[in-house]
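Please look over the model shown here. The paragraphs that follow go through a pocket, a residue of its lining and a loop.

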Amino acid sequence: MHFEVPQFIEVEDKIFGPFTWRQFLYLGGGIGMAVVILLTTNFFVFILIGLPLGILAGALAFYPVNNRPFSFFLEAIFNYASKQRLYLWRQKTEVVHKSEPTAPQNTGFTAVSVPPPSTQQEKKDISSLARKLELQAMQKSE
């Protein structure tokens, strides 16, 4: 048996002519509210409120930001503006590398000596040991 695998499942269906359901709702709501503002208030209020509302509806319907809908972009702006942004940096007291003078060897091979760990925590920290080895290798190559 052969089965067809659905293609383009991320593309929304066109419901109302060339518009998807979401585009139709954004345009209908935004432009409808702009028309109501135009008919019920004077032209100056329409310019201040109705025109930006219609532009926002057009952006929500048609303008993608980084290939994502404009509504995701507005949500990200709202979350950024409403959340607390206080970042504190605290320096760790862990020493990554202590330089120790080593005697040069005459052989063609270079041996890397690692100082013994001074605390129990450093014995467990493999990444710290890797950093120490890298730093010693860099210092010997200079």
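What volume does the largest pocket have? The model is predicted, with local features needing pLDDT of at least 70 and side-chain atom pairs pLDDT 80 or more, while totals for chains, interfaces and linings use all residues. Residues are numbered from 1 along each chain as its sequence is written, and side-chain values use heavy atoms, without hydrogens and water.

The volume of the largest pocket is about 360 Å³. Lining it are 17 residues, of which Glu12, Thr20, Gln23, Ala61 and Pro69 are the closest to its centre. A pocket here is an open set of points on a 1 Å grid over the protein atoms alone where a 1.4 Å probe fits, with protein on both sides within 12 Å along at least five of seven lines; lining residues have an atom within 4 Å of a point. Helices α1 (21-40) and α2 (43-62) each supply at least two lining residues (helices are DSSP runs of H or I, at least four residues). By type, the lining divides into nine nonpolar, three polar and five charged residues.

Glutamine 23 belongs to helix α1. It counts as buried because its relative accessibility is 15%, where buried means under 20% and exposed over 50% (1.4 Å probe, protein chains only). Its side chain reaches the backbone oxygen of alanine 61 at 3.1 Å.

Asparagine 66 lies in the loop between α2 and α3 (70-82), and asparagine 67 is found in the loop between α2 and α3. Phi is positive in each, near 55 degrees for asparagine 66 and near 60 degrees for asparagine 67. Asparagine 66 is exposed at 71% relative accessible area, and asparagine 67 is exposed at 79%.

Notes. Grid points are joined across faces, edges and corners, and a volume is the space filled by probe spheres set on the points. Ala, Val, Leu, Ile, Met, Phe, Trp, Tyr, Cys and Pro count as nonpolar, Asp, Glu, Lys and Arg as charged, and the others, Gly among them, as polar. A polar contact is a pair of N or O atoms within 3.5 Å; within protein, one must be able to donate a hydrogen and the other to accept it, and residues adjacent in sequence count only if both atoms are side-chain atoms.
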